Amino acid sequence: MSSEKAESAKGRATSFAKISGRRSSPAKTSLEHAADAQWGRGLSTFVRISRLTLRHPWQVAITIVSTFIAATLQLFIPRLLGRAVDQAHGVVSGGSGGAAAQNALWVTAITLLVVSILRGLFTMSQNYYGESVGHRTGYELRLAFYEKIQRLSFSFHDKVHTGDLITLGMLDLEGVRMFFSTGLVRVVLLSVLVGVGAYLLISTDLVLGLLSLSFVPFVAWRSSVTNISLRLTWNTLQERLSVLSRVMEENLGGIRVVRAFAAQEHELSKFDHSSAEALELAHKRVNIRVSNTSAMNFSFLAAMCLVLWVGGNKVIDGEISVGTLASFLTFMTILQMPVRQLGLMVNSFARASSCGTRLFELLDLELPIKDAPDAKDLVVTDGTLRFDNVSFTYEGAGHPTLSGVSFEARRGETVGIVGPPGSGKSTLVHLLPRFYDVDGGSITIDGQDISKATLQSLRRAVGLVQQDSFLFTTSIENNIAYGNPWAREQRIERAAESAQLHNYIAGLPAGYGTIVGERGVSLSGGQRQRLSIARSLVLKPAVMIFDDSTAAIDAGTEQRIRSAMKRFAKDRVNLVISHRLSSLMHADQILFVEDGRIVERGTHEELLAMGGRYRALYDLQVRPGDEPLQTAEAS
Amino acid sequence: MSAATDSDEIENTSGRPPKAVVGSHREEEEVFGAAYDPRIVRRIWSYVRPYRMQVAISVVAVLVFTLTQLAIPLLIRYAIDNGMATNGSNRSTLTWVIAGFAVTILINYAASYVQETTVGAVAENLLFDLRRAMFSHLQRVSLSFMDKTEVGRLMSRLQGDVNSMQEFLETSVMSVGDIVLLFGIVGVLLFLDLRLGLLTLSTMPILFIVRLFWLPPAKVAFMGAHETNSTANGALAEGINGVRTVQSLDRQRVNFDLYDDKAHTNLRAHLRAAKFAQVMVPIVDTLTGIAMATVIVVGGSMVLGQALDVGVMVAFLFYIQRFFDPIRSLTMQYSVMQRAMASGQRISEVLDVPVDVVDGPNAIALSRDMDGSVEFKNVTFGYRKNQPVLKNISFKVKPGETVALVGPTGSGKTSAMALVHRFYDVWEGQVLVGGHDVRELTQDSLGDQVAMVLQDSFLFTGSVIENIRYHKTQATREDVVAAAKAVGAHDFIMRLPDGYDSKLEQRGGNLSSGQRQLISFARALVADAKILVLDEATANIDSYTEMLIQKALVTLLQGRTGLVIAHRLATIRGADRIIVLQNGEMVESGNHDQLMAKKGLYARLYNMNYSSFDDIPDELVAGAAPIGKAT
Ligand SMILES: Nc1ncnc2c1ncn2[C@@H]1O[C@H](COP(=O)(O)OP(=O)(O)OP(=O)(O)O)[C@@H](O)[C@H]1O
Ligand SMILES: Nc1ncnc2c1ncn2[C@@H]1O[C@H](COP(=O)(O)OP(=O)(O)OP(=O)(O)O)[C@@H](O)[C@H]1O
Ligand SMILES: [Mg+2]
Ligand SMILES: [Mg+2]
């Protein structure tokens, strides 16, 4: 076992623990150790799954009772068959008269028929209710998962690959969901069959009984071992497949980059590399699985062979009847299936354990950003926004992203923010809707600390046009109404008009019903940005933020957007991040951010007069051809 | 905004349904037709063909396996009838039968091992082969296909559908065994005793008839479960991908309710499917019971009347227990096959997407020493029929020149650059690179000579250096650092925890937008191409940094041709020529001074760049209106 494999299996198992800030045990070198760790943690997982299951007590009860009855009925069948054989055979060995034997056969046949029908009905009820419990539990887990994912803060989503989350919500959840029907119910079934069956057989004939059961421990052991090892390699395989899907997904998502660089060969070799790794393991798993099934089958048949041999001799010696031998043999056939399924049962336990651990870990994550216990709805009166000595550092970053940021803005005012890439402008505005919480200082709206306000009221009060616009694959109308799905048509159209998009949309064959693609591929860069501006304009936030949201829009269109929004802007605080100074030169206050600090502030005129960095930018944009370098370097 | 109509309607006050959905619309749905479609089977067969030896071996093995399965009750019968007569003289017969039994199970073991390993391995290979075939085909299909196809949908073909093909292959080999087993049992029963055999088998048509009525609604129920699964999963995936927007627009509540609807529909569909699946259980059990009862009554009487050996009766009972297994698994395999056909159909669809943009038969490789000129000759192009995005565009970029494209948003700048790279083929006219029509060049060589910084910076998961180097794997670390320094990315990269080896999160999520853009800029520089296309490459970067980049690039870009798109006109002031596009038409061209003197669209855009709305006279705004009579 290569350590790399174990590493990656472990990596996946513990990634959420890291995020939630909990420490996991030091690196294990072998799969067995990884298994230990999982089993150890598994216990409480099973308790939890069982508890979830018990939320449907009636169905659980019906399932268990049905399983019990079905298994017991099934045990009658070999006996009845054996009896029938003896009844038929009885005459030959000098038994009772014809008519009586006929009647006896009829009785046995009818009993058998009734038992079969009942067994069928109870098996049906066992399976149906078992699945029903599983699906209902799955439904509840799904909702819990979806809710959690939607609420977990940005810092969580920054670190977890979306593909892994999707796997967790689909495959892992499935593992937990199936546990009841494939794990717990089988325990009941098997214990009845093997336990009661063994009692019946051994009490009939000790030696034959032991022989017919001789394959059980072997198969049980083999299939448990195999399934655990399959389970462990499954985790690794999953890990490798997720690398493979990431390669494919990023290739398809970034197809333009791939094409632009004529990198198809490169991408194919990346694909082949991860594909080969996954395939190798898949082959290994096939071998593990197959050698197990054939061995199990063999041991079963070998046991049957022994029973036939020893039993045959006993029949010859007159110790038992042919019917008894037949009933032993049929009993073995009945036992074969569930004993084989023992492996699946063990697998189901192992799967539920590892999937459940991951899933519950996520479901248990504390929301780092949530309503404070004494949170109140934000009440916007004057609409005054205040940053007071705010500092913030991203997890894992070596140096503070923002430090000592203070400013104040009133309703109707516009604050312009400029600064080099990576200076912290987006971070600054992301603190306002509490995508991240400040590390120091405070942000207040009308004197209310935003960390004391309910998230919902806060986020409704803050409108943000994000730097990267994400559009949903749905109609343009639904996209614009995303934040306010009950908005009226006129309102949507007006928003599109203000964003200078209405004419374009109206010219499309399907108008507002046009489906726009993933990340809006079929729109031009500027159209996409205008769509996300329109999306914010259907809301009526107290603070409106534009994060570089006109970068792909020409100056003319931008002017018209801004003049259309004039009235909109009057009623709120506006924060405008832009690299185009004409967009913010008339702001009431301009902040120049560098390295997470506000290094210059003032109105356009003041900053120009100051002759610092802002001035350098201005000169670069306004006086083409000049050499503004000196000024800039001087600062 | 008049107050009358603008009540705050974020809550559902009107009782109207929200304008909202979660999960994308999927117009094209599961084609769920025949279990056997020769066209698809032939198509898939071409991928199985390389493994036909292994498939043949496993079919033989499965036959052997089935025969041994069939033999076992016969051996038991023989043992009972000939080895256990009570007179004791038959011990040696019994021993021989036991020996035969032992040999049979050894063969059985070997056959099952061979069959399962070969078929398992082949099925895995088939899965990976099909996936690779699709993936590599997708590398070639035209972008117009990729534009309208969701990544998620392609991914489900690359992952889900190939799985059902794998399942299909395993299943078809198994069904060969099952069919043989079924007919074998029928044959053996009739052979052992014709009358009893016929009587017992009479239950079989009942099962067939029941199945016949059961299948159509059951199929609908199973499909329903399958479909609602994928819709619910689609919605989940969307929720995960768009979570930032969801939170920012406070849509959690609405989305949760919509998702709940889907999840609940899914739950109901599953319960329905489970009902259909389980209702067969008592039916099969009843029929088995009837068959066994028949054997007991009829067979038993025959044994009583010494018309039948007791061993035959026992064998009958054994066969009956196994009798419904192949029928059951065959019907199950039937639905696997149907699913496989649907998947095969979808896979073929992907494999059959025409590759519109192909290298011509006489395509030549664009050499590194070509002059680097770019020319558009009367180019007309669009994405949708009758809606041209570029109309009769002609211009020429001389070797070594830098030409800027400006124009209102949606005017077709990005589209024009896509044509230089032959992402799409023109409708009319010609695009020439280095004097050759791009359709006469191999795409790979063209790609090597045209480097692009795309409007959306896309980064891959991996380290910074891997991203900058991308496919130029021979580029040294120095090359990478030089490029990063040229675009001014070096400083921030060095401040990342592991410098150039720092890992970027998905799509570069741990960088700022400007930083991402700088990295994709550096990536284009490392590609070291003759023609550099910069589509808003510095839109998210401040002018000062931009100026530093421009200075650094002066030497780097010597002798290279540049095509620059920018909305911030200061970006392009160094351009040799400026081409102004509007509504897909070229309206002006010339250098800055010429265009300013002309007082046309460019001059208006330029002036607006330096004023803000407070002091734009209304005429100007009005005058500006036609500019962006946005296309
Ligand atoms: N893949 C596509 N499929 C269909 N239509 C498209 C596609 N890409 C762009 N369009 C449409 O073609 C027109 C021109 O788009 P293009 O991206 O070339 O504009 P642009 O000049 O680059 O604009 P911007 O400055 O906003 O980036 C737009 O109306 C756009 O909606
Ligand atoms: N999710 C994140 N995790 C860790 N670090 C981050 C994350 N997002 C941004 N950073 C880092 O924080 C710093 C500030 O980023 P921010 O996005 O605020 O810059 P910005 O001023 O908006 O830049 P731009 O003009 O390029 O948009 C950068 O150095 C960036 O690399
Ligand atoms: Mg930013
Ligand atoms: Mg564009």
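In the predicted model, ligand 2 is surrounded by 21 residues, and the closest are K425(A), S426(A), T427(A), S512(B) and G514(B); a residue counts as near a molecule or strand if one of its heavy atoms lies within 4 Å of it. Because residues from chains A and B surround ligand 2, the site is shared between chains. Local features need pLDDT of at least 70 in this predicted model and side-chain atom pairs count only at pLDDT 80 or more, whereas totals for chains, interfaces and linings use all residues. Residues are numbered from 1 along each chain as its sequence is written, chains are lettered from A and ligands numbered from 1 in the order in which they are written, and side-chain values use heavy atoms, with hydrogens and water left out.

An N or O atom in the side chain of D158(A) is 2.9 Å from a nitrogen atom of ligand 2, and a nitrogen atom of the ligand is 3.4 Å from an N or O atom in the side chain of Y394(A). For T427(A), a polar side-chain atom lies 2.3 Å from an oxygen atom of ligand 2. Of the 640 Å² of accessible area that ligand 2 has on its own, the protein covers 89%; accessible areas come from the Shrake-Rupley method with a 1.4 Å probe, and for residues only the protein chains shown count as cover. Two or more residues of the shell around ligand 2 come from each of α13 (425-430) of chain A and α16 (513-526) of chain B. Helices (H or I, at least four residues) and strands (E, at least two) are DSSP runs, numbered from the N terminus. The shell of ligand 2 divides into four nonpolar, 15 polar and two charged residues, where Ala, Val, Leu, Ile, Met, Phe, Trp, Tyr, Cys and Pro count as nonpolar, Asp, Glu, Lys and Arg as charged, and the others, Gly among them, as polar.

Ligand 1 lies between chains A and B. It is surrounded by 23 residues, the closest being G526(A), Q527(A), D147(B), T414(B) and S415(B). At least two residues of this shell are supplied by each of α18 (525-537) of chain A and α11 (413-420) of chain B. The shell around ligand 1 comprises seven nonpolar, 14 polar and two charged residues. An N or O atom in the side chain of T414(B) is 2.5 Å from an oxygen atom of ligand 1.

Chain B is divided into domain 1 (28-351) and domain 2 (400-412 + 447-623), with bounds from an automatic or database domain assignment. Taken over C-alpha atoms, the centres of the two domains of chain B are separated by 58 Å.

Strand β11 (residues 577-582) of chain B is mostly covered, with six of its six residues buried (under 20% relative accessible area; exposed is over 50% and partly exposed in between, with a 1.4 Å probe and protein chains only). R577(B), I579(B) and L581(B) point one way from β11(B), and I578(B), V580(B) and Q582(B) the other way. Two strands pair if DSSP finds at least two bridges between them. Strand β3 (residues 402-406) of chain B pairs with β11(B) in the parallel sense over four bridges, and V403(B) stands opposite R577(B). Strand β12 (residues 585-590) of chain B runs antiparallel to β11(B) and is joined to it by five bridges, with I579(B) opposite S589(B). The hairpin of β11(B) and β12(B) has two residues between the strands, and N583(B) takes a positive phi near 50° there.

Strand β6 (residues 450-453) of chain B is covered on both faces: V450(B) and M452(B) on one side and A451(B) and V453(B) on the other are all buried. Four bridges join β6(B) to the parallel strand β9 (residues 531-535) of chain B, where V533(B) is the bridge partner of M452(B).

In chain A, four strands form an open antiparallel sheet in the order β2-β1-β4-β5. The edges are β2 (402-409) and β5 (448-449) of chain A, each with a single partner strand, so one side of each is left without a neighbour in the sheet. Strand β4 (residues 440-445) of chain A pairs with β5(A) over two bridges, and I445(A) stands opposite Q448(A).

How values were computed. A polar contact is a pair of N or O atoms within 3.5 Å; within protein, one must be able to donate a hydrogen and the other to accept it, and residues adjacent in sequence count only if both atoms are side-chain atoms.
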